[in-house]
Amino acid sequence: MKKNIKFISLLLSLIIVFIILLKGLNVSKDYSNEKLNSKIDFSFKVKKLFNDEVINIEDLFNQEDLSVVNIWASWCVPCKDEHPNLMQLKDMNIKVVGINYKDNPKNAKNFLNLLGNPYSEIITDKDGTKSIEFGAIGVPETIVINGKTKSIIKKFIGPLSNENIIEIKSLINEKT
Amino acid sequence: MSNYFGNYSLYIALIASIYLIIKSYIDTNINIKNLNKNLVLITSVQTVMIIISFISLVVAFIISDFSNETVFNNSHTLKPLFYKISGSWGNHEGSLLLWLLVLSVFLYIFLLKSSSQNIKYRLLTLLFQQIIISGFLIFILLTSNPFNTVFPIPSEGLGLNPILQDPALAIHPPILYFGYVGTSIIFSTSLAAVVAGNIGDSWAKHIKSWVLVSWIFLTIGILLGSIWAYYELGWGGFWFWDPVENVSLMPWFCLTALLHTVIVLEKRNLFKEWTIILSITTFSLSMSGTFLVRSGILNSIHTFANDPSRGIFILSFLFVLVIMSVTIFFFNQKKLTSTIKNSFIISKETAILVNNWFMMFFLSVVLVGTIYPIFLEVLNGSKISVGPPFYHNLLIPFLIPFLVFMSFGPSLKWIKDKLKKFEYNLLIIFLASILISYFILINTEKKFLLSVPLIILSFYLLLVTINDFFNKKSSLSQKISHFGFSLLITSILLNGLFSNEFNANMKVGEERKFNDKVIKLNSVNVRDIDNYKSLKANFEIKNQNSFIQLSPEVRIYQQPFTITSEADIKTTLFSDNFLVFNILKDDGYYNVRYQYKPVMIWIWISTILISIGGLLSLIKKNEKKY
């Protein structure tokens, strides 16, 4: 009897693991917007990259509208690939908040001096924890945030392509 | 043409598999004296069919037969021959065919080598192994057939990922697969032995060589993978705790535990149940590895196929096998009670048990770090990233008791040993290791509380294992493996503590200072080679007493368009100088990353030593055991 209980409980836990992994397979790796309506905690403070000024993260975002956040680092090669596309966003007057991920500030500044600065504001994330608040899993990553509902509405993992830029533009324009 | 051969021989192999499952099942239920000759014959036919199928694929790759979809997607006429061949298993379909090939070849070798064993046990092993083979055959034929055709026939292929064009990587997957698939034999034989009721010392002796073979291949496979990551990925490290790397490390922990447990079973007829549990777990972990890598459920640098139907199939198949083995284990458990002999706390048995606890702890940490993000995402949709700090914080503190334990555990005697009288030898060794560590740590700022005992203990263990070569308490194979292991730990610690890195954007002719060194970029030469464009840089690194020239390279491939960085690494016995550069944009600036990595080469050497120990134990099976 005791053995049967052991057996059945083992079997049940195996089945649970099976179901979870099966569900895991169906989790889209594209991160479409329906799945990402989770709220972000905007109550933490952050430091700016250029002048070490400490501000509330909330102040960086448009409370009534959408904001674009880009997570990058000077050591990240794909970030260089997407850089011209970010400059395009700047030319379209779309504000992008940069999060400088686990980077050496000096290298980060060199990077921007060399390639141009597409960001309206840059905050530092020396230990990578700020990026986790945004649900980031790596660099580069671009997130579109709704300031009103404090939720992520769109997430781009990896370097932004031209199509992504068009999508971001249409998202922003749709709202305004 | 080769498409037809390859395809139809797989179908024949499947029919053979079904026949063998039915026939061996029937035969286990009747009393027969000898293994039916047909069974061996059909198994050899099946093996030959799978070999034909594999060769067909390799031929298709060599002659660039683009009517084959796999070849079209993964090859190109401009590829060097060596990489055309390695390309045949560098993709999803081909790698599964390789899995299948090794599965059937290993089964055939098992049948040839096991003629002295109990007939029911051999039949059951055949049965379980054929269940695995048929599962893989169905999987290949349904979802990943390497012989799908393309019409009209394209004139050129889509290319092999240039990052996979590396000799270490070309042989890395097959070696790793030998290790993974070897565990399938361990799995099948343990289940067979459970049902047949012949778990004991003679079975342990018989299965030990399979455990050793899988363990050696897995060790070398992991080594090659990390050599590839170090030289090709150009990230300047040898282990990144990437999920795909973890997936090969987990069965290794389990197999290492099994390797030790099986010796206890052989010598003392103890730990029967535990051996079976380890065998089942090892294979399940190898299969989960295949599942995690091939289903695309993980986000990793090794991006593989992303077809959910494949994932569902492997997952279901994995669970069928696991549930089957758990059921068999539970309902035959009464056959497994160990004949209780006297055991004492201070004995080799206990020492090996403690070794197993450590292995299981390391395994759980890696398992949680790899699987938990998937679970969490399913359960509440949150995403976390588990990186090196997680593993380091959880594993490194536990290295301290592990090192202490490993310094005396292996030299204990079977059954009962006394805590030895105070040995002056060991005291001298201990003082020596404190002294060495003092001189190593004195000139650095890295005086963390944790690193001091770690360095002292790793040197202590290193000296103890060297000292062990002069006594007769253990076999030579064990001495070499344990020495290799302590060397590995010491090298990893020194490497981790004293590596440093320089990172900057530089122009040709520019000079930068870094610690006591001066780094200068002399020139960058552009050339066209075979199937890529090469940018070769020339750097010099100077300090008071040394001068090194390094020439890293950037390769621009057109098919498909990829840029890879070939790091230049100058290796000496004491340190590696690692330099890699990247194109920023067309304004003459390059991103330069220079790393100084002490005792790098000893990490490879020690891992090779560990495997040599295993190899020696395999060859000298009759060597006198202590």
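Reader: In this predicted model, which way does H9(B) pass H12(B), in a left-handed or a right-handed crossing?

Author: The crossing is left-handed. By class, 15 nonpolar, eight polar and two charged residues make up the contact of H9(B) with H12(B).

Reader: What makes H9(B) and H12(B) roughly antiparallel?

Author: Their angle. Helix H9 (residues 243-268) of chain B packs on helix H12 (residues 348-380) of chain B at about 165°. Angles over 145 degrees count as roughly antiparallel. The pair is therefore roughly antiparallel. Their axes lie 9 Å apart.

Reader: Why is the span of H1(B) called close to the expected one?

Author: Helix H1 (residues 2-29) of chain B has 28 residues. The expected span is 1.5 Å times one less than the number of residues.

Reader: What makes Leu10(B) in H1(B) count as buried?

Author: A residue is buried if 20 or more other C-beta atoms lie within 10 Å of its own. Leu10(B) is buried, and so are others in H1(B), including Ala13(B), Ala16(B), Ser17(B) and Leu20(B).

Reader: Which helices do the buried residues of H1(B) pack against?

Author: They pack against helix H2 (37-62) and helix H6 (119-143) of chain B.

Reader: What secondary structure does chain A have, and how much of the chain is buried?

Author: Chain A has five helices and seven strands. Their order from the N terminus is α-β-β-β-α-β-α-β-α-β-β-α. Of its 176 residues, 33% count as buried.

Definitions and conventions. Residues numbered from 1 in each chain as written. Chains lettered and ligands numbered in written order. Predicted model: local features only at pLDDT ≥ 70, side-chain atom pairs only at ≥ 80, totals over all residues. Axes fitted to C-alpha atoms, helices over the stretch in contact; angles between N-to-C directions. Helix = DSSP H or I, 4+ residues; strand = E, 2+ residues; numbered from the N terminus. Parallel < 35°, antiparallel > 145°, perpendicular 65-115°, else oblique. Left-handed = near helix turned anticlockwise from the far one by under 90°. Nonpolar A, V, L, I, M, F, W, Y, C, P; charged D, E, K, R; others polar. Buried ≥ 20, exposed ≤ 12 C-beta atoms within 10 Å, placed from the backbone. Contact = placed C-beta atoms within 7 Å.
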